[in-house]
Amino acid sequence: MCGMAVPRHRSTRFTPGIFSRFRLQVATLAGRAAATASRLAGRGSGASIRGQVMLKLDPSAFATLLAGRRIACVSGTNGKTTTTHLLTAALRRVAADDEDVVTNADGANLHHGIASALSEHRRALVAVLETDERVVPSVVDKGDPEVLVLLNFSRDQLDRHHEIKALGRGWRDALTKAGDAGPVVVANACDPLVVWSAQPARRVVWIDTGDVWGQDAALCPGCGAVLTHRQVDGRGHWDCPACELTQPQPDYRVDGDTVSDPNGHSWTLELQVPGRFNRANAACAFAAARIMGVPPREALEGMATVTAPAGRFATTTISGTSARLLLAKNPAGWAESLPLATSDPVVLAINAAAADGRDVSWMWDVAYEQLVGRRVIATGPRAQDMAVRLAYAEVEDVAVVEDLATAFAHPWLAGLDQPVDVVSTYTPFQQLRKLGGLA
Amino acid sequence: MTRPVKIALVYQSLLGIYGDRGNATVLGKRLQWRGIDHELVVVEPGDAVPADASIYLLGGGEDMAQVSAVSALQTDGNLFRGLDEGAVLFAVCAGYQICGKTFTVGDRDEVIEGLGLLDVTTERGPQRAVGEILTRWSRADGTTSLITGFENHGGYTTLGQDANPLARVVVGVGNANDGSEGAVQGRVIGTYPHGPVLARNPDLADHLLELATGTTLEPLDKPEIERLREQRIEAVQRGAR
Ligand SMILES: [Zn+2]
């Protein structure tokens, strides 16, 4: 055995009472004080510490804060933050006031991050929650969400999450348990593990996202047989030869900028966030918004206003150089982001802190060979690992500058007439946002 | 003209979870840079494994993938034929485990029969081994090299009489926290440092190539690799895992 199952949360449904409400108020105030202290000390927004203090003082706060709202959850390995922003924008388009829709826009997506966001918007009737894959079962269990968006599953930080299938099993169990009271699930039909995880839901709206990442979908999650992948009318189609699991007929389908819906209508996405991957995210957000009651045109108009969710795709200035920031957290993310980085030179920022995944083996699953002929500045604490990967990709012009701020003062970057594209793992991305004055 | 050195990357989508294809990339480039022709064959489940490769590579994967890979390799049979013809097999992590006599999978530690290419057995260890690993590898002539890598495995491996450890652990868990790491038996080499372990360890990469080609290779000067090795060895010795 190379892998091992991830422990699951166990939880019971909670009914808020008068005493618990008083307790929650005390916990909220204490959390707010901790957040303020953290902000004053210059340690970020304090959202996470606020949530931690609250949940410590009142462990039931999570369920109490979720109660009585209309909730949409967004989960999956990649695209959670952007999809959450798109869905929030779609819902706010029809809300009387932006404050009616609360979201954890900063990407703090564990229990305490969600609790923190909700506690600051007690009167918001609608909550759009970016939810870590591990937290989905407990939100389904305690939060009674109306819609659950399941984007994709791929290998990510395997030093911490050993088997992605264990996550899917947690979702299946939660949806089975929720039964007819469970959410409508909006799910990516191209991802076998998502399909298997979503199957027990009372209703699933399937999205043919045209997903191209198949490297984590070799085996049938249902029976373990080797899945077959073939092309049907120019689109991928997967099927299990040994059991019933097969790619479902889609309700929505993405073709370039066009999304077709179950009524046979086609809609045009006008997004400011780039790439095929974000069109897939937008199709999922679009379907979810409509389930929540947003008319299609308003949903599209709302989504068109989203520019740089939590700094992703933002253009800023670092050490005098104009830079566009792209985040890539795992091989599937790199497969999507790297083709968007078309500048010459291009900057690759690499670390292997806990939040990046401590193992940089993933870089051998990314086709850096596509950078041949361009100049690359490798930066971040693990820039040297990237330099070796690039050497084996036969990318010849590589500069290694471990310090992020110094990298952006490299002579290659002087006098460019376009922003330099930067693809970054998680922790350097957060540092670059700070260096660029975005966070 | 000699025929190209054939490298078979076996069941990449099953046993390639940690960037293990990097080992094939490294071996191929190190031949190419010396002007030696090679052919890389990526074998997916369902395809026939070539019987005439010089080097076979097996990588890391999840429990179900291990079971599936063993059954497919046994049905196919060509890996065994290739090894009978004198090929080299380099197997990492889950790939190393399946080369043994038995390994276990799942929460209930079901015992699965392996390929029987290495006299080793693997069962669930007391705690998962995750982190940087540093070992000292000794060649037959008594010379040694440090091997730097990243290990991530729940199974612990015990060596039988016919298998020798590949290396001694300096920092990390290795086979079973017993000071040994990996196994060598004839031309089959198994090791826990997974993914692109050959990228950080060019001596080991060239050793596999020399075994497979029966020739002595001239050294390659790649300063970026030396610098990375220094960095990782220094970090591990400082205590970073
Ligand atoms: Zn099946």
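This is a predicted model: local features need pLDDT of at least 70, side-chain atom pairs count only at pLDDT 80 or more; totals for chains, interfaces and linings use all residues.
Student: OK. How many helices and strands has chain A?
Tutor: Chain A has 14 helices and 17 strands.

Student: And what share of chain A counts as buried?
Tutor: 59% of its 439 residues.

Student: What about contacts in chain A between residues at least 6 apart in sequence? How many of them join residues at least 24 apart?
Tutor: 67% of those contacts do.

Student: Let's do helix packing. What describes two packed helices?
Tutor: The angle between their axes and the distance between the axes.

Student: Take H4(A) and H9(A), then. Where are they, and at what angle do they cross?
Tutor: H4 covers residues 80-94 of chain A, and H9 covers residues 276-291 of chain A. Their axes come within 9 Å. They cross at roughly 40 degrees.

Student: What does that make H4(A) and H9(A) to each other?
Tutor: Oblique. The cut-off for roughly parallel is under 35 degrees, and the crossing here is at roughly 40 degrees.

Student: Left-handed or right-handed?
Tutor: The crossing of H4(A) and H9(A) is right-handed.

Student: Which residues meet there?
Tutor: From H4(A): A:Thr82, A:Thr83, A:Leu86, A:Leu87 and A:Ala90. From H9(A): A:Asn278, A:Asn281, A:Ala282, A:Ala285, A:Ala288 and A:Ala289.

Student: How do the residues of that contact divide into nonpolar, polar and charged?
Tutor: In the contact of H4(A) with H9(A), seven are nonpolar and four are polar. No charged residues take part.

Student: Stay on H4(A). How do H4(A) and H10(A) cross?
Tutor: H10 is residues 296-303 of chain A. The axes of H4(A) and H10(A) come within 7 Å and cross at roughly 125 degrees. H4(A) and H10(A) are therefore oblique to each other. Their crossing is right-handed.

Student: Which residues make that contact?
Tutor: H4(A) brings A:Leu86, A:Ala89, A:Ala90, A:Arg93 and A:Val94. H10(A) brings A:Glu298, A:Ala299, A:Glu301, A:Gly302 and A:Met303. By class, the contact has six nonpolar, one polar and three charged residues.

Student: New topic. How many disulfides does the structure hold?
Tutor: Zero, over all chains.

Student: And A:Cys220, buried or exposed?
Tutor: A:Cys220 is buried, at 0% relative accessible area. B:Cys93 is buried too, with a value of 0%.

Student: Backbone next. Where is the cis peptide bond with omega about 5 degrees?
Tutor: That bond joins A:Asp344 and A:Pro345. A:Pro345 is in the loop between helix H11 (331-337) and strand S14 (346-349) of chain A.

Student: What is phi of A:Asp233?
Tutor: Near 50 degrees, a positive value in a residue other than glycine. A:Asp233 lies in the loop between strands S7 (228-232) and S8 (235-239) of chain A. A:Asp233 counts as exposed, at 76% relative accessibility.

Student: And B:Asp109? What is its phi?
Tutor: Phi of B:Asp109 is near 50 degrees as well. The residue is in the loop between strands S5 (102-105) and S6 (110-113) of chain B. B:Asp109 is partly exposed, with a relative accessible area of 31%.

Student: Last one. Where is B:Glu151, and is it buried or exposed?
Tutor: B:Glu151 is in strand S8 (residues 144-159) of chain B. B:Glu151 is buried, with a relative accessible area of 0%.

Student: How far apart are the C-alpha atoms of B:Glu151 and B:Val130?
Tutor: They are separated by 5.5 Å, with the two residues 21 apart along the chain.

Notes. Residues are numbered from 1 along each chain as its sequence is written. Chains are lettered from A and ligands numbered from 1 in the order in which they are written. Side-chain values use heavy atoms; hydrogens and water are left out. Axes are lines fitted to C-alpha atoms, for helices over the stretch in contact, and angles run from 0 to 180 degrees between N-to-C directions. Helices (H or I, at least four residues) and strands (E, at least two) are DSSP runs, numbered from the N terminus. Angles under 35 degrees count as roughly parallel, over 145 as roughly antiparallel, 65 to 115 as roughly perpendicular and the rest as oblique. A crossing is left-handed if the near helix is turned anticlockwise from the far one by less than a right angle, and right-handed if clockwise. Contact means heavy atoms within 4.5 Å. Ala, Val, Leu, Ile, Met, Phe, Trp, Tyr, Cys and Pro count as nonpolar, Asp, Glu, Lys and Arg as charged, and the others, Gly among them, as polar. A disulfide is a pair of cysteine sulfur atoms within 2.5 Å. Buried means under 20% relative accessible area, exposed over 50%, partly exposed in between (1.4 Å probe, protein chains only).
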